Amino acid sequence: MEAVLAEMPLALFTTLSAIGAGAFVTLAVALATTKPSAEQLGKIDKMTAIPLALILVSFIAAFFHLANVMNAPQVFAGVGRSPLSNEIAVGCVFTVTAVVYWALAVAGKLPAGARRGLSAAVAALAVVYALFMGLAYMMSTIPSWDTVFSPLQMVNFALMGGAAAGVLVLALGGLDAEALKPAKKAILVVSVSGAVLGIAGLAGQAVTASGLQNALTLGSDLVAAAAPLIGAGVVGIIAACACTVLALRAPRPLALGAAACVLAVVGILCARLAFYAMSLSVGLYVF
């Protein structure tokens, strides 16, 4: 467990970045389908600082994983060759685009058509960023991670967690169940499919890891040790999804939206810690 907790900075990075990025998918869906008033739109724009803050905190957490923070710029030296460098590069492109969108929106410089187009572009980049976060772990030296389940988890955790954060932003913007009605079905699909496929990815990784072993460790032992984290992650993810769905139906969705966001952070964080706990390398296992 001590070795798993050592990965907490990366677990926080992938959790908060995924939720923050995924929120822009839900916001893009809402902006494309609903008709908020000018006052509500202004509040939504201001509250979009919440997912941006999650992304900022995630990058700060990632720095704590570096042995020497001064070496951080060298991460970009491997762009095009290193999955980690590609992940950071895509993350920077997404974050800059999201900040530009937010700044223009808050300043009132985005007409309706431009807002929908730019928000859709930010949403697409969010999904690409989540995909690259998962691809960064597909390395031949750690076969328990080197599967399609790694990106599957990250993309769908981003969609599910982002739906929770997005609904919270919309609730803070003053949108209730009636105002969200045109977007309800699409957001529900994003949240539920994200939860189901994210859990499926976690289960798939556990099954894969349980069939592996190296000179010192059985993958099945790692999965057994990670079982409490897996269970907590699944429960948290399902609860977050349920609160998101209920918030979409509630006349006052703020409390449920906030609960969904907190549960998403807890559930995805536990799932990410379980992911690191099921790390089985081809050489001597050091955990």
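The model is predicted, so local features are reported at pLDDT of at least 70 and side-chain atom pairs at pLDDT 80 or more, while totals for chains, interfaces and linings use all residues. Residues are numbered from 1 along each chain as its sequence is written, and side-chain values use heavy atoms, without hydrogens and water.

W145 lies in the loop between helix 6 and helix 7, and its partner Y276 lies in helix 10, so the pair ties together parts that are 131 residues apart in sequence. Helices are DSSP runs of H or I with at least four residues, numbered from the N terminus. Y276 is buried, with a relative accessible area of 1%. Ring pairs link Y137, W145, F275 and Y276 into a cluster. Rings of Phe, Tyr and Trp (its six-membered ring) pair if their centres lie within 6.5 Å; planes under 30 degrees apart count as stacked, over 60 as edge-to-face and the rest as tilted.

A search of the whole structure finds nine aromatic pairs. In one of them, F94 and Y129, the ring centres are 5.7 Å apart and the planes are at 25 degrees, so the pair is stacked. F94 belongs to helix 5 (residues 83-106) and Y129 to helix 6 (residues 112-135), so parts 35 residues apart in sequence are tied together. Both F94 and Y129 are buried. For W145 and Y276, the centres are 5.8 Å apart and the planes are at 80 degrees, so this pair is edge-to-face.

Helix 7 (residues 149-172) and helix 10 (residues 254-277) have axes that come within 8 Å and cross at roughly 160 degrees. Axes are lines fitted to C-alpha atoms over the stretch in contact, and angles run from 0 to 180 degrees between N-to-C directions. Helix 7 and helix 10 are therefore roughly antiparallel (over 145 degrees; under 35 is roughly parallel, 65 to 115 roughly perpendicular and the rest oblique). Residues in the contact (heavy atoms within 4.5 Å) include F157 and L168 of helix 7 and I268 and F275 of helix 10.

Helix 2 (residues 8-33) and helix 4 (residues 49-63) pack at an angle of about 160 degrees, with axes 8 Å apart. Helix 2 and helix 4 are therefore also roughly antiparallel to each other.

Notes
Helix = DSSP H or I, 4+ residues; strand = E, 2+ residues; numbered from the N terminus. Buried < 20%, exposed > 50% of the residue type's maximum accessible area, 1.4 Å probe, protein only.
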